[in-house]
Amino acid sequence: MSAAPLVAALSRADFHTRARAELAFVYGEHAPDILQRLEALIAQHQKGRVCEPQPLWSEQTQMMITYGDSIIDESDSAALDVLERFLHDHLEKTFSAVHILPFFTWSSDDGFSVIHYRRVSPTVGDWPQVRHLAGRFNLMFDLVINHVSRESLWFIDYLSDTPPGRDYFIELPEDTDVKSVTRPRNTKLLTPVSTRRGMRHVWATFSEDQIDLDFANPDVLIEMVGVLLYYLDQGARLIRLDAIAYLWKTLGTSCIHLPQTHAIVRLLRAVMERVAPGALLLTETNVPHQENLSYFGNGDEAHIIYQFTLPPLLLHTLTNGDARALTEWAATLPPLPDGCTYLNFTASHDGVGVRALEGLLPRHDIDALLELMQRFGGFISMKTDPDGQDSPYEINITYFDALKGTRRGADPWQIARFICSQTIMLGLQGIPAVYVHSLLATLNDHEGVTRTGRLRAINRKHWQREALEPLLEAYSTPTHIVFEALTKRLKTRRQEPCFHPDASQKIIDLGPHFFAFLRGPLADGRRLLAVHNVTDRSHPLSLPEAWAGHRWHDLLGRIDPSDDKPILKPYRSCWLISED
């Protein structure tokens, strides 16, 4: 690819036009006043700032996902210092970006129930340490925009009937009909709270400690834009909008993906383009694929959306030994809008969502996958459907243990199968993101589940660095083997222009044993064919006819170009580069 084009700041006039339109749609006649307040807030933020044009991304854009304290040590060092040393010692020239999961003061859900948006949790570090890390990596911050902790000052204001927080939440009678509301959990939507005015019931989409904000009040919007600007000031290069799909509530609707939500995403995109050109907006919407795609808008909403279908569909593929469903799905992916791309991942701090499989796999295949994950030590989290019945929402398991076998049970291929899953993810069009526990081949943390009472703790282990380092150094440990394999692939990948997020992708059907795709061709004709054996048997590899007679080599060193009849061993992958 040629050098990535630079993105200049949105002009004041263009911002005014775009923001006015979105605010008018959401807030009607109040829009002019809100726009004036918004522009004043931005002007104050911009004092003394120089908005240099920035590129969006390149083939070197690779992300690690981690909590600030996923790796700790026995010293008194702040967790962010430990993280930075680990990155320096082991991951130089591997990742360009780090997603530090919520590091603010919090009360539950490992950070996603925020008490104070502008305070770093003392167990993690402080703002100078965050800014120092931002000088070495592009950092992604979470803007936990849908809800706050019930211990937050805003909610304390609500309880005491004190401004401004008394007007920041959604209060409804206990008997309000909310059956039409989409529920991502099986807890009650309306949570009882004791206030100065007596018992009240407030909207809580995710838990009784995560109280939803009322964006129908424009003061809430202004508050959250202020938080967004503060994060950009502290060095954030990427902003993740947590649980954004549920932002706007209108009784009688599903209260998910409402038009007002999309308008506010477009507004936040315009704010970022005005004050921080090149900063990226990511929406977190763990829903079926077509719903997820809607957050690209017309190229004016999220720069990046998660590829939520990939994690569960890869599990189905590799535990079933059949690539057909993955091939069929990947072949239907539409061309990306300009300035938009996917965040490809297999694991994160959350479980493996299963809603993304709706319409892609028959019910019996989904049920078989869920049953297998339980056999491999995982748990299944449930949500409540409109009919009042519970249905599966996500699988709670480490991705490494999720691939310890096939439908026939556990087998000796766990490491090879897992590395295959990561290699597939790394090659697909988009930006790759590797969860720290995938990088370290972390096992299910059942002790953490017992200790916390939370199923998601199974995949949120806190590693003591003193215990981790020997595993990384010993050649025979899964941690060492996986870490070495993935870091080698990441370093190879960042040098290959065919992996630029804007390089085209075409799925190649080589039969049920292989998942294959072509990246490119680039302007100079360079192209890359990625092929992965998704089975526990060796299979002869027949290259596409278009590759016959051409010179090529394998970046991963698995295939000998002089071999007329190459064999791809179980769970092996190759990245074939055409040389003419």
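**Note on cavities, pockets and side-chain contacts**

1. P164 is partly exposed, with a relative accessible area of 37%; the term covers values between buried (under 20%) and exposed (over 50%), computed with a 1.4 Å probe on protein chains only. P164 belongs to the loop between α5 (153–160) and β10 (190–195), where helices (H or I, at least four residues) and strands (E, at least two) are DSSP runs numbered from the N terminus. Between the C-alpha atoms of P164 and F296, which are 132 residues apart along the chain, the separation is 33 Å.

2. The model is predicted, so local features need pLDDT of at least 70 and side-chain atom pairs count only at pLDDT 80 or more, while totals for chains, interfaces and linings use all residues. Residues are numbered from 1 along each chain as its sequence is written, and side-chain values use heavy atoms, with hydrogens and water left out.

3. The structure holds 2 cavities of 30 Å³ or more. On a 1 Å grid over the protein atoms alone, a cavity is a set of points where a 1.4 Å probe fits but cannot get out, and a pocket is an open set with protein on both sides within 12 Å along at least five of seven lines; lining residues have an atom within 4 Å of a point. Grid points are joined across faces, edges and corners, and a volume is the space filled by probe spheres set on the points.

4. For the second largest cavity the volume is about 140 Å³. Of its 16 lining residues, N286, F308, F345, S348 and G351 lie nearest the centre. Helix α9 (310–320) and strand β17 (352–353) each contribute at least two residues to this lining, whose classes are 7 nonpolar, 6 polar and 3 charged.

5. The largest pocket has a volume of about 500 Å³. It is lined by 17 residues, and those closest to its centre are D109, R185, F206, R454 and R456. Strands β18 (379–384) and β19 (390–396) each supply at least two lining residues, and the lining divides into 7 polar, 6 charged and 4 nonpolar residues.

6. The second largest pocket holds about 320 Å³ of space. Its lining has 16 residues, of which R49, Q54, R237, A276 and P277 are closest to the centre. This lining divides into 10 nonpolar, 3 polar and 3 charged residues.

7. A total of 34 salt bridges is found (a side-chain nitrogen of Lys or Arg within 4 Å of a carboxyl oxygen of Asp or Glu). E273 and R18 form one at 2.8 Å, N to O. E273 lies in helix α7 (residues 259–275) and R18 in helix α1 (residues 12–27), so this pair ties together parts that are 255 residues apart in sequence. E273 is buried at 18% relative accessible area, whereas R18 is partly exposed at 28%.

8. R266 and E22 also form a salt bridge, with the closest N and O atoms 2.9 Å apart. R266 is in helix α7 and E22 in helix α1, so the pair ties together parts 244 residues apart in sequence. Both residues, R266 and E22, are buried.

9. D411 and R417 meet in a salt bridge of 2.5 Å, N to O. D411 is partly exposed at 22% relative accessibility, while R417 is buried at 0%. Elsewhere, salt bridges with shared partners join D109, D110, D350, E394, R454, R456 and R460 into one network.

10. There are 23 aromatic pairs, defined for rings of Phe, Tyr and Trp (its six-membered ring) with centres within 6.5 Å; planes under 30 degrees apart count as stacked, over 60 as edge-to-face and the rest as tilted. W413 and Y571 form a tilted pair, 6.1 Å centre to centre with 55° between the planes. These partners are 158 residues apart, W413 in the loop between β21 (409–410) and α13 (414–427) and Y571 in the loop between β29 (567–568) and β30 (573–578). W413 is partly exposed at 33%; Y571 is buried at 3%.

11. Ring pairs also link F103, F104, W127, F141, Y230 and Y231 into a cluster. The charged end of R118 sits over the ring of Y230, 5.4 Å from its centre, the criterion being NZ of Lys or CZ of Arg within 6 Å of the ring centre and within 35 degrees of the ring normal. K461 lies over the face of W463 at 4.9 Å from the ring centre.

Notes: Ala, Val, Leu, Ile, Met, Phe, Trp, Tyr, Cys and Pro count as nonpolar, Asp, Glu, Lys and Arg as charged, and the others, Gly among them, as polar.
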